[in-house]
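Please go through the briefing below with the sequence and the model side by side.

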Amino acid sequence: MIVVSNNKYDYLIVGAGVFGSVCAHELTKQGKRCLVIDSRNHIGGNCYTENINDIHVHKYGAHIFHTNDKKLWDYINQFAEFKQYTHNVIANYKDEMYTLPFNMWTFNQMWGVNTPEEAKQKIESQKFKGEITNLEEQAMSMVGTDIYNKLIKGYTEKQWNRPCTSLPPSIIKRLPVRFTWDSNYFNDKYTGIPIGGYTQIFEKMLEGIDTLLNSDYFQHKDYYDSIADKVIYTGPIDKFFNYQYGKLEYKSLRWETEKLEQDNFQGNPVINYTDSEVPYTRILEHKWFDPQSQKGTIISREYPTDYDGTNEPYYPIRDNKNTDIYNKYQELTKGLDKYIFGGRLGSYVYYDMHQVIAQALLKIMSFNQKNYQ
């Protein structure tokens, strides 16, 4: 797969994740010559799954494809067969087990209530009703003190490494609260997991396309730029501009992955640990994303960490300060006709997979429109 010719390319694509791979695939279909490079030793970006003992390990965290757009669902299904998947998350608070997102099962487990009216009355009796200035007040205004203290506070403070009272209320405003017995995490029409893992999708997207792994764009930037007419860049936008306006901030994650001889560790793909005493935020048991009677099991404990420039940037911290910095970098991209920026890092947005595909397809469409003007 890793074959590079000496001729010039129409497009150099920096990054073999979702955005870069979709662009490479679509441009190649149009007869364009593409070279894809990635600094990692694998394709697929954060969606990469590693086959270990026939278990497809989500190396960079749980990835579930979900969308309401049938065109995007049909698009991804051309690269793999998907199984219908319902994402049911469990929360463990000091060995008390609760269903997520918050729904009638959660309220029944928390208070023993059986009707929506009982649940609403219980929440109403605990709600914060003052002026909302932080995440703690926002959460308590939505679900009351019991749910906040057991299922939100410890988990959120571990995730962001700061008190909930110092976090903005916007982080949790979209928190799902359902007064039904529906515990499906996603409401989208189409939700699934590829049978056989995600890596096969990228292998098919990049089939026949020159691809270089373990290749740092910035170590040989002048050379890479010289061999392509256009550059599609999916890396950190602040790094591209040599951090001249400062570094954008992210939250990162660290994983501890362990093989176990037992066949079933927790009986669910994801269990969140919501008390502050447990240092990790959740445990993944990878075989339950795509169960095929595999022997043994593999689990990963997820630890939130600060981004230090050497680990993987996961979640953009889109507060006012960072948004202002990003907007300055975005201004610098204007007029750079050779370079196209996109993807999660190039846009400084935490996209879901279907959103990145849509962004890439729209970008390809804009290329075609320019060509016909």
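The sulfur of Cys 34 lies 8.7 Å from the closest cysteine sulfur, that of Cys 23, which is too far for a bond, and for Cys 47 the closest cysteine sulfur is again in Cys 23, at 15 Å, also too far for a bond. A disulfide is taken here as a pair of cysteine sulfur atoms within 2.5 Å, and a search of the whole structure finds zero of them. This is a predicted model, in which local features need pLDDT of at least 70 and side-chain atom pairs count only at pLDDT 80 or more, while totals for chains, interfaces and linings use all residues. Residues are numbered from 1 along each chain as its sequence is written, and side-chain values use heavy atoms, with hydrogens and water left out.

**Cysteine burial**

- Cys 34 is buried, with a relative accessible area of 5%, where buried means under 20% relative accessible area, exposed over 50%, and partly exposed in between, with a 1.4 Å probe and protein chains only.
- Cys 47 is likewise buried, at a relative accessible area of 6%.

**The parallel sheet**

- Five strands form an open sheet in the order β10-β2-β1-β11-β17, with parallel pairing; strands are DSSP runs (E, at least two residues), as helices are (H or I, at least four residues), numbered from the N terminus, and two strands pair if DSSP finds at least two bridges between them.
- β10 (210-212) and β17 (339-341) stand at the edges with a single partner strand each, so one side of each is left without a neighbour in the sheet.
- From one strand to the next the twist averages 20 degrees, with axes fitted as lines to C-alpha atoms, for helices over the stretch in contact, and angles running from 0 to 180 degrees between N-to-C directions.
- Strand β2 (residues 34-37) pairs with β10 in the parallel sense over three bridges, and the bridge partner of Leu 35 in β10 is Asp 210.

**The three-stranded antiparallel sheet**

- Three strands form an open sheet in the order β5-β9-β6, with antiparallel pairing.
- Its edge strands are β5 (65-67) and β6 (82-84), each of which pairs on one side only.
- Neighbouring strands of this sheet are turned by 35 degrees against each other on average, direction ignored.
- β6 and strand β9 (residues 190-194) pair in the antiparallel sense over three bridges, and Phe 82 has Pro 194 as its bridge partner in β9.
- Helix α2 (residues 70-77) lies across β5, β6 and β9, and runs at about 155 degrees to β5.

**Strand β15 and its partners**

- Strand β15 (residues 297-306) is mostly covered, with eight of its 10 residues buried.
- Strand β12 (residues 250-260) runs antiparallel to β15 and is joined to it by 10 bridges; the partner of Lys 259 in β15 is Ile 298.
- Strand β14 (residues 282-285) also runs antiparallel to β15, joined by four bridges, and Leu 284 stands opposite Ser 300 in β15.

**Cavities**

- The count comes to two cavities of 30 Å³ or more; on a 1 Å grid over the protein atoms alone, a cavity is a set of points where a 1.4 Å probe fits but cannot get out, and lining residues have an atom within 4 Å of a point.
- The largest cavity holds about 60 Å³ of space, a volume being the space filled by probe spheres set on the grid points, which are joined across faces, edges and corners.
- Val 18, Cys 47, Ile 76, Tyr 198, Ile 201, Phe 202, Met 205, Met 353 and Ile 357 line the largest cavity.
- The elements giving two or more residues to this lining are α6 (199-205) and α11 (353-372), and α6 gives the most, with three residues.

**Lys 363**

- Lys 363 is found in helix α11 and counts as partly exposed, at 25% relative accessibility.
- Not counting residues up to four places away in sequence, Lys 363 touches Phe 19, Ile 340 and Phe 341, contact meaning heavy atoms within 4.5 Å.

**Backbone features in loops**

- The peptide bond from Leu 100 to Pro 101 is cis, with omega near -5 degrees, and Pro 101 lies in the loop between β8 (96-100) and α3 (104-111).
- Asn 161 has a positive phi of about 55 degrees although it is not a glycine; Asn 161 lies in the loop between α5 (135-160) and β9 and counts as exposed, at 55% relative accessibility.
- Ser 293, in the loop between β14 and β15, has a positive phi of about 60 degrees although it is not a glycine, and at 72% relative accessibility Ser 293 counts as exposed.

Notes
On a 1 Å grid over the protein atoms alone, a cavity is a set of points where a 1.4 Å probe fits but cannot get out, and a pocket is an open set with protein on both sides within 12 Å along at least five of seven lines; lining residues have an atom within 4 Å of a point.
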